[in-house]
Amino acid sequence: MKNIIKFLPWLNVGMNLIAYFPLTLYIIITDGGAFGFGYLALPFSGLMNLGGISAIIQIVRKSNRRSYAIINGIFGLAGIVLMFLLFIQWWTAVLEKISTMG
């Protein structure tokens with residue numbers, strides 16, 4: 001259990017650095033993309049960034065409290081699901097682009 005409590009914040013911070021922080025910046029810079037549909041994802045990516053901030057606080061304080069583990073577990077599971085959906089969206093966009101090239 002201790003190893004899981006120590007791993008969860010690093011997982012959360014890693015997902016934020018790889019996917020959610022750049023996604024949030026991309027949505028803000030491009031004004032939501034085509035027709036502004038990117039703004040629909042902004043609350044989710046914003047919440048994931050808040051989860052990353054709480055994970056950074058846990059790492060800095062070196063806290064092993066279960067409440068932080070529960071919070072990071074919730075954000076971690078939500079992040080994995082949302083990242084999986086994001087990868088599916090990217091993959092279908094790539095397949096659509098490939099299918100229209102020929």
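How many residues does α3 have, and what distance does α3 reach from its first C-alpha to its last? The legends below begin with that helix. The model is predicted, with local features requiring pLDDT of at least 70 and side-chain atom pairs counted only at pLDDT 80 or more, while totals for chains, interfaces and linings use all residues. Residues are numbered from 1 along each chain as its sequence is written, and side-chain values use heavy atoms, with hydrogens and water left out.

**View 1. Helix α3 and its buried residues.** α3 has 36 residues and reaches 52 Å from first to last C-alpha, close to the 52 Å expected at 1.5 Å a residue. The expected span is 1.5 Å times one less than the number of residues in the helix. Helices are DSSP runs of H or I with at least four residues, numbered from the N terminus. The buried residues of α3 are Tyr68, Ala69, Asn72, Gly73, Gly76, Gly79, Met83 and Leu86; buried means under 20% relative accessible area, exposed over 50% and partly exposed in between, with a 1.4 Å probe and protein chains only. Among the elements that cover these residues are α1 and α2.

**View 2. The largest nonpolar core.** Its 8 residues are Met15, Ala19, Tyr20, Leu23, Ile27, Met48, Met83 and Leu86. A nonpolar core is a set of buried Ala, Val, Leu, Ile, Met, Phe, Trp, Tyr and Cys residues joined through side-chain atoms within 4.5 Å. Apart from residues up to four places away in sequence, Leu23 touches Ser45 and Leu86, where contact means heavy atoms within 4.5 Å.

**View 3. Asn49 and Thr24.** Asn49 lies in helix α2 (residues 42-61), and Thr24 lies in helix α1. Their side chains are joined by a polar contact of 3.0 Å. Such a contact is a pair of N or O atoms within 3.5 Å; within protein, one must be able to donate a hydrogen and the other to accept it, and residues adjacent in sequence count only if both atoms are side-chain atoms. Asn49 counts as buried because its relative accessibility is 17%; Thr24 counts as buried because its value is 11%. Leaving aside neighbours within four places in sequence, Asn49 is in contact with Asn16, Tyr20, Phe21 and Thr24. With that exclusion, Thr24 is in contact with Leu42, Ser45, Gly46 and Asn49.

**View 4. Gly51 in helix α2.** Gly51 is buried because its relative accessible area is 0%. Not counting residues up to four places away in sequence, Gly51 touches Asn12, Asn16, Asn72 and Phe75. Arg61 is 10 residues from Gly51 along the chain, and their C-alpha atoms are separated by 15 Å.

**View 5. Phe35 in the loop between α1 and α2.** Phe35 is exposed because its relative accessible area is 79%. Phe35 and Leu86 are 51 residues apart in sequence, with 18 Å from C-alpha to C-alpha.

**View 6. The largest pocket.** About 500 Å³ of space lies in this pocket, a volume being the space filled by probe spheres set on grid points joined across faces, edges and corners. On a 1 Å grid over the protein atoms alone, a pocket is an open set of points where a 1.4 Å probe fits, with protein on both sides within 12 Å along at least five of seven lines; lining residues have an atom within 4 Å of a point. The lining has 18 residues, of which Leu23, Ala41, Leu86, Gln89 and Trp90 lie nearest the centre. α1, α2 and α3 are the elements that give two or more residues to the lining, and α3 gives the most, with 6 residues.
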